[in-house]
Amino acid sequence: MVQAQHDGRSSASYAEGFERVEPPLTERTRAYWTSGADGILRIARCAACGRFQHPPRPVCSRCRGRVLRSEPVTGRGVVWSWTVNRYEWQKDMPPSYVLAEVELVEQPGLRLLTNIVECTIDDVRIGMEVEVCFARAGEAFIPLFRPVVP
Ligand SMILES: [Zn+2]
């Protein structure tokens with residue numbers, strides 16, 4: 001069972017001091033972007049071979065199965081790669097912040113492009129254990145990751 005609560009912290013939601021831009025919600029991406037409404041991350045998974053696939057596509061990259069379902073994952077992962085953005089690409093999203101690829105524990109190579117939050121830039125390390133939290137953006141819940149507190 002996937003838990004929506006995280007190590008005694010009260011919520012999987014993450015409040016930021018700015019408004020994020022709502023991503024386009026399409027037939028293919030809506031399940032991913034709205035999954036966090038109940039605090040649980042869900043990823044497209046092939047019904048035939050069980051492989052998780054992200055970003056969501058209509059065909060499984062391993063077995064060519066055409067039935068992919070949005071399934072809950074633990075929301076746990078590690079920082080696989082990261083960098084710091086210091087440019088103000090978006091007016092309301094102040095730099096500097098960490099852009100990272102987080103590899104989820106469910107499957108090698110299952111990675112999300114995200115931000116690391118609730119820690120300083122100097123604290124971010126490759127291999128750091130992180131867990132999902134969500135920032136609201138219109139109808140969407142943007143998956144962000146924060147360090148796992150032991
Ligand atoms: Zn498959």
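Entry 1, strand β8. I looked up residues 140–147 and found strand β8 mostly covered, with six of its eight residues buried. I took a residue as buried if 20 or more other C-beta atoms, placed from the backbone, lie within 10 Å of its own. Strands here are DSSP runs of E with at least two residues, and helices are runs of H or I with at least four, numbered from the N terminus.

The model is predicted: local features need pLDDT of at least 70, side-chain atom pairs count only at pLDDT 80 or more, and totals for chains, interfaces and linings use all residues. Residues are numbered from 1 along each chain as its sequence is written.

Entry 2, the partner of β8. I found strand β7 (residues 129–137) joined to β8 by eight bridges, the two running antiparallel; strands pair if DSSP finds at least two bridges between them. Within this pair, F134 stands opposite P143 in β8. I noted that β7 and β8 form a hairpin with two residues between them. In the turn, G138 has a positive phi of about 65°.

Buried residues make up 25% of the 150 residues.

Along its principal axes, I found that the C-alpha trace spans about 40 × 35 × 30 Å. Among contacts (C-beta atoms, placed from the backbone, within 7 Å) between residues at least 6 apart in sequence, 55% join residues at least 24 apart.

How values were computed:
A residue is buried if 20 or more other C-beta atoms lie within 10 Å of its own, exposed if 12 or fewer, and partly exposed in between; C-beta atoms are placed from the backbone. Two residues are in contact if their C-beta atoms, placed from the backbone, lie within 7 Å.
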